[in-house]
Amino acid sequence: MTAGRPGPAPVRAGTARRAFLATLACWFVFPFVQVQVAQDAVPYLVAGEVAHDRPDLVYAAIGGDLFTLEPEFAARYCALSPAGTDCERFNVAYVSTPLALGPSWLLARLGADAGALVFRLGAVACLAGGMLALWSRLAHRRRRAPAMLALSALLLTPSVMAPVSLGQTSPLVFLTICLGAAAATPRRRAGTSLAWVLAGATKLYPFALGALAARHGRWRFLGWALSWTGLLLAGALALGPPELFGEFLRSTDELSGVNVTNPYNGSLGALGALVWPATATAGPAARIFLGVRVVLLAALGIWRFRRASLDAQWAAAALGLLAVTPFVWSHYLWAVFGAVAVVVAERADLDDRRLAVVPVTAALLVPIAIPNARGWSMPIPQALLLVAALVAVAVLVEPAARPAEPDLLPSAP
């Protein structure tokens, strides 16, 4: 038997498995007990409503400010929010790509309450689905792995609150990190590529991961992804004009320049603006700082990840992209846990010491998740944790590729 890969865990792992699944089941209670506005879901519903008749209102941020909106968009946002919502405080712009407008239109047909609930349930489903994928990667690898995964799920529970409360789409990024791109069967390729395309449609930057799939010759995976993208593109063009893509780029550029200093933004750009104020606005200093980050990440990738497995590269690259994106909100840090766990799982010589990094990473998210769920800002710890995670995956990665084809559901011990 290969060193570091013992056979199935003993029967007592059944207790850990039940605890793991029970914790995931508890997460699905959260969408039904949230009473405040799903702040980040409502803009999708509004954009879905107005895309056909008023496409000029889709990208409604004025002057690059997320919270200063065109009056008609703001009024509709308020109308779709629960009674008593402080609209001046919670109104926020639609910032995703036009590819997300088709699904947004469909969810808007359900009505405000049902549409927001679907967003919240979708967030939980992505987080739980990612955890199930990690279980199938890790649970059979070491005797202590089931217990460590159950502990990780428990520790991550506070981190579920923010994305579910907001009706966020960032859990899609966590799901695509955990699924990877190395699936070998048509059904799995269809599912993993759909998760990736939806993540890209809502956040844009995950689309950059396609270069890795191409480098590894995953043409069938990319074929599925192209099909999903074509379907979303058809939906977008059925609702609004092609000029929406130009409006998206314009709006994104404005938002990137204005919101670096947002008190909830834990990006490295925001951290840099505290140390080097000249980078807080679009200009030469900001471009230099971005260029330095890109060069350092490229050098790190060549040095440590060039020969790693596709899924390890995929996870690490998804994390690395957060180092160059203009926004890193607290719920984006699920990518930290996902990337560390996948890089650990891709090691052929996995031992208990490396495995313990998984629940430790989950524990590090707790002191950030709880204050953020209460509305407190913690951008510096968020940025520092991102830096620490990048260092961790570089240390933990196995340079030589190891082929693997994980199951997607936990099996009985």
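In this briefing, contact, or touching, means heavy atoms within 4.5 Å. By that rule Trp 27 touches Val 124, Leu 127, Ala 128, Met 131, Ala 153, Leu 156, Thr 157, Val 160 and Trp 334, with residues up to four places away in sequence not counted. The model is predicted, and for that reason local features need pLDDT of at least 70 and side-chain atom pairs count only at pLDDT 80 or more, whereas totals for chains, interfaces and linings use all residues. Residues are numbered from 1 along each chain as its sequence is written, and side-chain values use heavy atoms, with hydrogens and water left out.

- A nonpolar core is a set of buried Ala, Val, Leu, Ile, Met, Phe, Trp, Tyr and Cys residues joined through side-chain atoms within 4.5 Å, where buried means under 20% relative accessible area, exposed over 50% and partly exposed in between (1.4 Å probe, protein chains only).
- The largest such core holds 127 residues, and those touching the most other members are Phe 20, Trp 27, Val 58, Tyr 94, Met 131 and Phe 337; helix H7 supplies the largest share of this core, 14 residues.
- Helices (H or I, at least four residues) and strands (E, at least two) are DSSP runs, numbered from the N terminus.
- Helix H3 (residues 42–50) has 8 of its 9 residues buried, so it is largely enclosed by the rest of the structure, and the cover over its buried residues includes helix H4 (71–80), H6, helix H7 (112–138) and helix H10 (186–203).

**Ser 96**

- Ser 96 lies in the loop between helix H5 (87–90) and helix H6 (101–108), and at 1% relative accessibility it counts as buried.
- Not counting residues up to four places away in sequence, Ser 96 touches Tyr 44, Tyr 59, Ala 201, Thr 202 and Phe 248.
- The side chains of Ser 96 and Tyr 44 make a polar contact (2.4 Å), a term for a pair of N or O atoms within 3.5 Å in which, within protein, one must be able to donate a hydrogen and the other to accept it, and residues adjacent in sequence count only if both atoms are side-chain atoms.
- Tyr 44 is itself among the buried residues of H3.

**Cysteines**

- A disulfide is counted when a pair of cysteine sulfur atoms lies within 2.5 Å, and by this rule there is 1 disulfide.
- The disulfide joins Cys 78 and Cys 87, with their sulfur atoms 1.9 Å apart; the torsion about the S-S bond is about 75 degrees, so the disulfide is right-handed.
- Cys 78 is partly exposed at 33% relative accessible area, whereas Cys 87 is buried at 12%.
- Cys 126 is in no disulfide, and the nearest cysteine sulfur, that of Cys 178, is 10 Å away.

**Salt bridges**

- A salt bridge is a side-chain nitrogen of Lys or Arg within 4 Å of a carboxyl oxygen of Asp or Glu, and the count by this rule is 12 salt bridges.
- Arg 250 and Glu 247 form one with an N to O distance of 2.8 Å, both residues lying in helix H13 (residues 243–258), 3 residues apart, about one turn of the helix.
- Arg 354, buried with a relative accessible area of 18%, forms a salt bridge with Asp 349 (closest N and O atoms 3.8 Å apart) and one with Asp 351 (3.1 Å, N to O).
- Through shared partners, salt bridges join Arg 347, Asp 349, Asp 351 and Arg 354 into one network.
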